[in-house]
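User: Got a model here that I'd like to walk through with you. Can we start with the charged pairs and then move on to the rings?

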Amino acid sequence: MKTATLALLLLTLYSCIPTRIAPKIETHKIVETKKFSKELPQGYGFAFEDPKDANEFYSYVNSKYDLAYTEVEYNVPFELDGEKLYLSFYECERTTKTINLIPILVDAKLENDGSAPVLEDFHSSRNGQWYIIIKVRDAALKDVLNINHEQHGVLKKYLESLRQEYLATHHYNELNLKSNSQ
C-alpha cells in the first residue's frame, strides 16, 4: 500500500514530461543561429523574446530606419562608429511541448473498462514563445556578432539599446519625431 501511494504521489508530481523546452532569455543572448533554429542562416544572432504581436518588429525597423516598407527584413544599412553595417532580422517561434501522464492513464483505465477515451485532447500540451533574431554583417560580409570581430562589443551595446527602444515604444511614429528633433 505504501509503495502504491508513493508511486501515485511521484506520478502526480512528475505527470508532465517535457519533450521540448523553449529557452528563457531574460534580456538578450548571442546564439548560434543554426542551433537556435534550422531555418536560420549560418552564423551568430542577437536573440531576445518578443512579447509583442506578429510583425511589430518589422514596423519598428521600418520606422526606425525610415525604409518606406522596402527591404525591411534583410540588409538594412546603418552606421556604427563610422562603419556601414547591414542588419537582418528573423521572427522565430520555439515551443515547449509536454506529455501529460494523468490524462493518458485515465483514458487507458477507461479503455480497459470498455469506455471510450475522453481526455485525448489533453495527452500533450504545446506552448509557444516568439523570438527576434538579429544578424549583422559588415561591408566585407563578415559576421559582426562573431566574438572575434573588432566591433562585436560595440554592436552588442547598440543592439541592446535597439531592443530596449523597441520594447518601450508603442507608437512607431514617435521614432520619426525623435529623430527629427535631434
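**Charged pairs, rings and strands**

Analyst: Glu160 and Arg163 meet through their side chains in a salt bridge, 2.7 Å from N to O. A salt bridge here is a side-chain nitrogen of Lys or Arg within 4 Å of a carboxyl oxygen of Asp or Glu. This is a predicted model: local features need pLDDT of at least 70, side-chain atom pairs count only at pLDDT 80 or more, and totals for chains, interfaces and linings use all residues. Residues are numbered from 1 along each chain as its sequence is written, and side-chain values use heavy atoms, with hydrogens and water left out.

User: Where do Glu160 and Arg163 lie?

Analyst: Both are in helix H5 (residues 152-168), 3 residues apart, about one turn of the helix. Helices (H or I, at least four residues) and strands (E, at least two) are DSSP runs, numbered from the N terminus. An α-helix has 3.6 residues a turn, so residues three or four places apart point the same way.

User: Is Glu160 buried or exposed?

Analyst: Buried, with a relative accessible area of 14%. Arg163 also counts as buried, at 10%. The cut-offs: buried is under 20% relative accessible area, exposed over 50%, partly exposed in between (1.4 Å probe, protein chains only).

User: How many salt bridges by this rule?

Analyst: The count is 4. One of them joins Glu165 to Lys64, with the closest N and O atoms 3.0 Å apart. Glu165 is in helix H5 and Lys64 in helix H3, so this pair ties together parts 101 residues apart in sequence. Lys64 is partly exposed, at 32% relative accessibility.

User: And what about Lys135 and Asp143?

Analyst: Their side chains form a salt bridge too, 3.9 Å from N to O. Lys135 is buried at 4% relative accessibility. Asp143 is buried at 13%.

User: OK, rings. How many aromatic pairs?

Analyst: The count comes to 11. Rings of Phe, Tyr and Trp (its six-membered ring) pair if their centres lie within 6.5 Å; planes under 30 degrees apart are stacked, over 60 edge-to-face, the rest tilted. Phe48 and Phe57 are edge-to-face, 6.0 Å centre to centre with 70 degrees between the planes. Both of those residues are buried. Phe57 also pairs edge-to-face with Phe89, at 4.9 Å and 80 degrees.

User: Which elements hold Phe57 and Phe89?

Analyst: Phe57 is in helix H3 (residues 56-64) and Phe89 in strand E5 (residues 83-100). They are 32 residues apart, and the pair links distant parts of the chain. Phe57 has a relative accessible area of 0%, and Phe89 is buried at 2%.

User: Which residues make up the aromatic cluster?

Analyst: Phe46, Phe48, Phe57, Tyr60, Phe89 and Tyr166 form one cluster. The charged end of Lys52 sits over the Tyr166 ring, 4.5 Å from its centre. That term needs NZ of Lys or CZ of Arg within 6 Å of the ring centre and within 35 degrees of the ring normal. Arg94 does likewise over Phe36, at 4.9 Å.

User: Strands next. What does E2 pair with?

Analyst: Strand E2 (residues 29-32) pairs with E3 in the antiparallel sense, over 4 bridges. Pairing takes at least two DSSP bridges between the strands. Ile30 stands opposite Phe46 in E3. E3 is largely enclosed by the rest of the structure, because 5 of its 6 residues are buried.

User: Where is confidence lowest?

Analyst: In helix H6 (residues 173-181), with a mean pLDDT of 54. Strand E3 (residues 44-49) is highest, at 94. pLDDT is the predictor's confidence in each residue, from 0 to 100. The chain averages 82, and 80% of the residues score at least 70. Where pLDDT is low, the predicted coordinates should not be read in detail.
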